[in-house]
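Visitor: I have a structure open and would enjoy a short tour of it. Could you walk me through the details?

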Amino acid sequence: MKIIVCIKQVPDTKGGVKFNPDGTLDRAGMLAIMNPDDKAGLEAALRLKDEYGAEVTVLTMGLPKAADALREALAMGADKAILVTDRVLGGADTWATSTTIAGAIRNLEYDLIITGRQAIDGDTAQVGPQIAEHLGIPVISYAQDIKIEGDKVVVQRQYDDRYHVLEAQMPCLITALSELNEPRYMTPGGIFDACQAEIITWGRKDLVDVDDSNLGLAGSPTKIAKASDKVRKGAGEKVVPESPEDAVSYIVGKLDEKHII
């Protein structure tokens, strides 16, 4: 079985967020980590590898520094790593990103594609399903459990206070929740091997069945009108009650005023 895991290097928001003048994220100027949902998807693939002997390929689109996330994936146990990077791909929205990734995947053989549900820098949950649509394969999103039965995949799909059990013929795509599992740590030997491993690098010329009009910032139908690293709030109302009873009465009154109770 061949599994492709799509991962993304995202800003570590604890270190602060920076923007370019056009409103896009300044990814080169920020600390970065592997997206949490993607890491859960990678762990799911590695567990399938442990059980079935699958070959796991990790793929990302991004700046050259995104190779760091790929090496982390290799150190965790992935077999191959592919970086899709090119200046013409910069500033892509979800449509242009999914178009690019699908164009890269068309070069590969696969039974299963796993992506994270969503990235913490965009929170759209669109790229995974869009990749499946570009490739013409079924998608099961919000996976909280994954099993393989013959040539089919059986997934528990999270849904409000319960879950659905869905079955799909492979090849198919699954989007993983961070709650799916607890990702393993890199091993010392894995880190050493990952540092020596080759990262396959592809550019625009390596994308299959992709039109230039659907790539990068120019090929993105959505544009950022405004971006801010923080939502500024007012000072609020300060109240000094004379007694605990007065405090309770004031709070209950406010809740009632706002129709919360």
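Visitor: Over how many bridges do strand β6 and strand β10 pair in the parallel sense?
Guide: Happy to start there. This is a predicted model, in which local features need pLDDT of at least 70, side-chain atom pairs count only at pLDDT 80 or more, and totals for chains, interfaces and linings use all residues. Residues are numbered from 1 along each chain as its sequence is written, and side-chain values use heavy atoms, with hydrogens and water left out. Strands are DSSP runs of E with at least two residues, numbered from the N terminus, and residues 112-116 (β6) run parallel to residues 172-176 (β10) over 5 bridges.

Visitor: Which residue in β10 is the bridge partner of I114?
Guide: Two strands count as paired if DSSP finds at least two bridges between them. In β10, the residue bridged to I114 is I174.

Visitor: What angle does the direction of helix α4 make with that of β10?
Guide: Helices here are DSSP runs of H or I with at least four residues, and contact means heavy atoms within 4.5 Å. Helix α4 (residues 127-135) packs on the sheet and touches β1, β6, β7 and β10. Axes are lines fitted to C-alpha atoms, for helices over the stretch in contact, and angles run from 0 to 180 degrees between N-to-C directions. For α4 and β10 the angle is about 175°.

Visitor: Which are the edge strands of the sheet?
Guide: The open sheet has 9 strands with mixed pairing, in the order β9-β8-β7-β10-β6-β1-β4-β5-β11. An edge strand here pairs on one side only, and that applies to β9 (162-169) and β11 (200-202).

Visitor: Is C172 buried or exposed?
Guide: Buried means under 20% relative accessible area, exposed over 50%, and partly exposed in between (1.4 Å probe, protein chains only). C172 has 1% relative accessibility, so C172 counts as buried.

Visitor: And P64, buried or exposed?
Guide: P64 sits in the loop between β4 and α2. Leaving aside neighbours within four places in sequence, P64 is in contact with L83 and T85. Its relative accessible area is 57%, so P64 is exposed.
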